[in-house]
Every structure is written in structure tokens, then in C-alpha cells.
Amino acid sequence: MFRPPCEIPAMKGLEHKSYVGLKATLYNARANPLRITEVACRVKIIDSTIISPVNAPEAHPLLAKSAAPVIDKPLQLSRRPRRNRCSPTQRAAFQETNISPVNLIYPLFIHQGEVDIPIKAMPGRYMLSKRGLVEEVARARDVGVNSIKLYPKIPDALKSPTGEEAFNDDGLVPQTVRLLKDKFPDLVIYTDVNFDEYSPSGHGGIVREDGVILNDETIYQLCKQAVCQARAGSDVVCTSEMLDGRVGAVRAALDAENFQHVSIMSYSVKYASSLYGRFRQVQLDKKTYQINPANSREALMEAREDEAEGADILMVKPALPSLDIIRLLKDQTLLPIGAVQVSGEYSMIKAAGYLSMTDEEKVMMESLICIRRAGADLIVTYFALQAAAILCGESRPFPFNN
């Protein structure tokens, strides 16, 4: 069993060297002052004479002085909501939304190599070897995170247009699931039912010669993939490729093989976002089958279809740009709601923190509590270990008393 310890373990990848190269990338536009980027511009103007989120108030004497009264008689107000926010104790007592490590799912990238490989676009994230994966899972469990999601990096030699490697019982994902279940029997493992890592095109389906994603033919293969993952010991299979009818077909396939206990987390609302992984290149435009970010009714329709087909959890991706959709779904369904804080969201918070534009820890925790406030029961986030370590150290809900 896992338990939150008294001491918070060190977190691999959060050291300063993880950010090497980031500064040069963001400052690249300075080579030509006529085309300076907004990020570089903002960095340029932040100095000791300008108030920034990380400058101490005592550095500005005018702000430290108390304001003199300017009225003779207070306003006659029937209600003053500030009274309930006047002390940290009251703020904590009335906090409506809390977050715990049990709300977090830790996404982990895996590969067949023997060493952990850093992902340049995501400071602190690695393609993990089997040994590195086991160590990372153990660290997560030590701070109360007992749910993970696996993302494989499949060698090009094993990829094919019809993705047969996706349902190879001796493939990377089934082997990894068996390894983790052997070492951590109560670990909750989420696995991706998707073709994107198994196809040369990088898409979540079989691609016809004219570029069309074949819906029904792909689902036939995805059912095999889901059953393969369930057979290895996956607790939750995640239908994430936005194909019509996939949830019902996968549910039927699992039940036919006596995997009624395996849950389906459907990526019901997957917007065609620009925030998805820059470290993965895709040949075709995924916007042809993911939802237009301008549409909300279409998102609700997709979620209703997935619920009717037997989904156990409805997932929204990306999280922060979709808070309104999370709230709408929460108000319209009794199913649990999940949200994916994608790589772009993670990297932006990391970059701003590194450049001292924001307090990384506070922005990270605020982003997670906002996703929870919108209605998410589960959050897939690369911050899972870092956030849980903070929550473990606090031994209470994170206090938003700033």
C-alpha cells in the first residue's frame, strides 16, 4: 500500500539544469530588436523600478504607507463579503474547492531504452526506461499519487499503417503494465487506446491514401488494443482518438472477453488545440477529426454519445482553455469528469516561472484548483508529483490565502 510520508522525496528533473536551452529559445528574437517577441519584451522591462509579481512590496516605499481616511462616514452596506475573508483561518474554513493527490493522474512517457531521456520541450519530463519508471512511480506513491497513465514511444521499425503492434501482448505497454502490477498491485493504471504512436502518420487511426481517417476499420483494431491492455492488467482504458462509435464498440469487446470490471475513460471532448505536444511531429492535420475549439454544443453532443455508449468517465482536453466545457458537463451528467492539463499548459507555466515572470509553484497550484473548481474530479497533469509533494508537505488542502 502507498502512504504519504513525513518527508517529501526529491523530485527528479526539477533541478536548474533541466531548463538549459529554454532561455535562449525565448530570447531568440532579441537578435533583431525590430522583431522582439512579447515574452522577451516583458522580460526586458521587468527591473527594480517596476513592480512585478516577485518584487517585494518593501522595495517600494509609496506602497508601504497606509492610506489616510478620505470620508467622514462609512457606507451603509447591508452586506460586506470581505468580512468572511479577513483572516487566513476564515478563508480556509470557507474554501469551497479543495484538491488532493487522489484527484491527480500522473502521465508518464515510456520507451524500450535503458536510460531516461529528457524531453527538451518539457522541462523535468523524461522518456523513462523500465527502471526509471518504477522509481518514478514509487516516488509518486510516496506522496499519495496512486494513478498513472502510460504514453509509449514505439520504435519506427514497429509502426505500420494498421497498427498491429498496438495489440501485441509482448509489446511495450502490456509488458510495462505487467511489470508495474507485479511491483505495485494496487496501482491504478490508465492506458491509451489510440493508434498515434503505432502508425507512421502519427494519427489515431488508419489513414487512407487520400488522407481520410477510416473510422470503422480503425475501431476494429482499437477493440483488439483495448482487450490486449485489459488482459495485461490495465484498470482503465482511455479511448482518446475521437472516432464515432468507439466507446460502444470497445465496451462490447471488453465484455465479450469477460473484462466487465475494466473501466473506459473516454476523451469525449478533445479539441484541436495548439497546446499539444511539440515534441511529437504529425504528418497530417489532426484538426480534420478533433473538435473545433470554437464549438461548445458539439462538445456536449460528443459527451452525451459517449455516455450513452457506456463510458465510465468523461474526459476534456485541454483543461484550462476548456473550463467552461468542464462546468457544462458537470451540470449535465452524473458521471465523473476528467481533464487533461496538456504539455503546452505545463511548459508555459514552467517557462514563466523560470523567467521569474510568475511564481511557478503558486501558478501551478492555482491552475489545478481552477480545473477542480470547474468540476473536474480527475486531472491528468505532468505536475502531479510536484503538486502532491506540496500537498503532502502541507498535510492539509493547499491554502489560497495570498
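Residues are numbered from 1 along each chain as its sequence is written. In this predicted model, local features need pLDDT of at least 70 and side-chain atom pairs count only at pLDDT 80 or more, while totals for chains, interfaces and linings use all residues, and side-chain values use heavy atoms, with hydrogens and water left out.

**Ring pairs**

Rings of Phe, Tyr and Trp (its six-membered ring) pair if their centres lie within 6.5 Å; planes under 30 degrees apart count as stacked, over 60 as edge-to-face and the rest as tilted. By this rule there are four aromatic pairs.

| Pair | Centres apart | Planes | Class |
|---|---|---|---|
| Tyr346 and Tyr382 | 5.7 Å | 65° | edge-to-face |
| Tyr346 and Phe383 | 4.7 Å | 45° | tilted |

Where in the chain do Tyr346 and Tyr382 lie? Tyr346 is in helix H11 (residues 343–354), and Tyr382 is in the loop between strand S12 (378–381) and helix H13 (384–394), 36 residues apart. Phe383 also belongs to the loop between S12 and H13, 37 residues from Tyr346. Helices (H or I, at least four residues) and strands (E, at least two) are DSSP runs, numbered from the N terminus.

Buried means under 20% relative accessible area, exposed over 50%, partly exposed in between (1.4 Å probe, protein chains only). Tyr346 has 1% relative accessibility, so Tyr346 is buried; Phe383, at 0%, is buried as well. Tyr382 is buried too.

Ring pairs join Phe109, Tyr151, Tyr346, Tyr382 and Phe383 into a cluster.

**A charge over a ring**

The charged end of Lys317 sits over the ring of Tyr276, 4.7 Å from the ring centre. This term asks that NZ of Lys or CZ of Arg be within 6 Å of the ring centre and within 35 degrees of the ring normal.
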